[in-house]
Amino acid sequence: MSNTKELDLIIWGATGFTGQLVSEYIDKKYSNTTLKWGIAGRNKEKVLSVAKRLNIDEERIFIADSNNIDTLKKLTSKTKVICTTVGPYAKYGSNLVEACVDTNTNYCDITGETQWIRKMIDKYHLKAKENKVKIINSCGFDSIPSDMGVFYSQKKLFEKTGKYASKINMRVAGAKGGISGGTYNSLSNVLEEARVDKDVRKTLTNPYGLNPKDKQKGPDKADLQSVIFDKVSNSWIAPFVMAGINTKIVRRSHALIDFKYGSDFSYDEATLSGKGIPGKLKGYFSLIPIFLATRKKGSLLKKIVDYILPKSGEGPSEKTRISGYYNLRFYLTQQNKIHISKVIGDMDPGYGSTSKMLAESAVCLALDKTPETYGVITPSVALGEPLLKRLQENAGLTFIFD
């Protein structure tokens, strides 16, 4: 990475809902440190408003346009790292990735858009690898707790037993939080692309859809679509809305480390709904929001959901973010014995915790000595131990191994 860059980090999309949370976090946590950082956006008036509130001087304010590659290259040439919250990434993210690869700038985002990540892998992975640039997707709730949870769990199990788990089942034991308009828009965009493009549908339905093209085989099946009884957790389980992206990120990580856990390693995700008839009923009730949010664009149900849910730039209140949490349980199977590890977050998953995870990923990229891995890669492969340390010390995540 070039040492001639003016800044360590620029937050792109600093005026959006999540962008402001990330900027506020960096300001509070790192303003009195050696980190040289700035903010950027499309609307100068809005960027200046955020800058004034956070007391950011003019030299650290930048204006660019997602649709103008030249302005983005000018922006990325100023910094070692770009941290972006501007989605849907399939609409507004591709030019920025290109600019980062061309100007040797490391990059991190919070996308959950599987089909777009696949396109970025196909288009930029080899060039980013050649240029020694890290393009890291999914540095928020999707998919750091899953990806880093597996990284941590396998590391601890190996230290304890000298072997890795051949199977990990992640179960959401509890979560509380709100949704933002940006997240809902991204989900809607993914589903709309899938309806009109068979290649997108193929990527979304292939369990190994983000793996290198020559490494898309394994024991994993499609993500859970119904309510079933789970022998591993001894509970009824229901589909987890983030499983579609998280499982593919975890599997890409495994492929990128040359199937370290074994060619038969399998991973899946679901939500615990409880035992007995109440648990089964709770599982079925949890399907209703997923059903409503995934209706076809233009349908009456979709219009109702669009009206009810937050619009772009809107999100949960500070009170909701602070009172939120999540508790993820990892069941590690090793030769018929099950070990359990946990990842617990101290704020609502989508915003309070996501903004901290993204910020720490960006700072880790900018300041820490990270693994010499490059290309369009995953959080655990790109950042490994240094990120695990930051998540525990700064981002409110607790990792526990039995």
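Helix H15, spanning residues 349-367, and helix H16, spanning residues 379-393, have axes that come within 10 Å of each other in this predicted model. Two packed helices are described by the angle between their axes and the distance between the axes. For H15 and H16, the axes cross at roughly 130 degrees. Angles over 145 degrees would count as roughly antiparallel and those from 65 to 115 degrees as roughly perpendicular; H15 and H16 are therefore oblique to each other. The crossing of this pair, H15 with H16, is right-handed.

The contact itself can be followed residue by residue. Taken together, the residues of the contact of H15 with H16 comprise nine nonpolar, one polar and two charged.

When the whole structure is searched, one cavity of 30 Å³ or more is found. The largest cavity holds about 30 Å³ of space. Its lining is formed by Ile117, Ile121, Asn137, Ile249, Arg252, Val376, Ile377 and Thr378.

Which elements each supply at least two residues of the lining of the largest cavity? They are helix H6 (114-130), helix H10 (243-256) and strand S13 (375-377). By residue class, the lining of the largest cavity divides into five nonpolar, two polar and one charged.

Methods
Residues are numbered from 1 along each chain as its sequence is written. This is a predicted model: local features need pLDDT of at least 70, side-chain atom pairs count only at pLDDT 80 or more; totals for chains, interfaces and linings use all residues. Side-chain values use heavy atoms; hydrogens and water are left out. Axes are lines fitted to C-alpha atoms, for helices over the stretch in contact, and angles run from 0 to 180 degrees between N-to-C directions. Helices (H or I, at least four residues) and strands (E, at least two) are DSSP runs, numbered from the N terminus. Angles under 35 degrees count as roughly parallel, over 145 as roughly antiparallel, 65 to 115 as roughly perpendicular and the rest as oblique. A crossing is left-handed if the near helix is turned anticlockwise from the far one by less than a right angle, and right-handed if clockwise. Ala, Val, Leu, Ile, Met, Phe, Trp, Tyr, Cys and Pro count as nonpolar, Asp, Glu, Lys and Arg as charged, and the others, Gly among them, as polar. On a 1 Å grid over the protein atoms alone, a cavity is a set of points where a 1.4 Å probe fits but cannot get out, and a pocket is an open set with protein on both sides within 12 Å along at least five of seven lines; lining residues have an atom within 4 Å of a point. Grid points are joined across faces, edges and corners, and a volume is the space filled by probe spheres set on the points.
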